[in-house]
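I opened a new page for this protein today.

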Amino acid sequence: MSPVVTVRFTGELHSLAGLANLQLSLKEGATLKDAVVAAGELVSPAFADQVVMPLLEGKPTVPLLLLNRTLRSGAELDQPVGEGDIVAFVLPMEGG
């Protein structure tokens, strides 16, 4: 059975991605990178170009990538994902 991972887009990223969340059915042994690539194929081209591609290229991105509420960087894309995991793209909060 393929694990199902949820991908969430919060705040303004919801508008940029063209959706609030999606469910991905991934192959057993899938990684965070696999989830990001699959999500990039289903979101708007603008989100894919501005967020997904730079992340996959190891460039810093303004949206943060979380896996089960834990911050992940482009260097941690080999982290395994499994059934029920939540991948989220969030904007950093402004303080003051």
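**Rings.** I looked for rings that group together and found that ring pairs link F9, F47 and F89 into a cluster. I counted a pair when the ring centres of Phe, Tyr or Trp (its six-membered ring) lie within 6.5 Å, with planes under 30 degrees apart called stacked, over 60 edge-to-face and the rest tilted.

**Ground rules.** I am working from a predicted model, where local features need pLDDT of at least 70 and side-chain atom pairs count only at pLDDT 80 or more, while totals for chains, interfaces and linings use all residues. Residues are numbered from 1 along each chain as its sequence is written, and side-chain values use heavy atoms, leaving out hydrogens and water.

**The pairs.** I found three aromatic pairs in the structure. F9 and F47 make one that is edge-to-face, at 5.2 Å centre to centre and 90° between the planes. I noted that this pair links distant parts of the chain, since F9 is in strand β1 (residues 4-9) and F47 is in helix α3 (residues 45-56), 38 residues apart. Next I checked F47 against F89: the ring centres are 5.2 Å apart and the planes are at 90°, so this pair is edge-to-face. F89 is in strand β5 (residues 86-90), 42 residues apart from F47.

I used under 20% relative accessible area for buried, over 50% for exposed and partly exposed in between, with a 1.4 Å probe and protein chains only.

**The fold.** I listed three helices and five strands, which follow the pattern β-α-β-α-α-β-β-β along the sequence. My helices (H or I, at least four residues) and strands (E, at least two) are DSSP runs, numbered from the N terminus. The radius of gyration is 12 Å, close to the 12 Å that the globule rule gives for 96 residues, so the protein is as compact as a globular protein of that length. That radius is taken over C-alpha atoms, and the rule is 2.2 Å times the number of residues to the power 0.38. The C-alpha atoms fill a box of roughly 45 × 25 × 25 Å along the principal axes.

**Inside.** I jotted down that buried residues make up 40% of the 96 residues. Among contacts (heavy atoms within 4.5 Å) between residues at least 6 apart in sequence, 53% join residues at least 24 apart.
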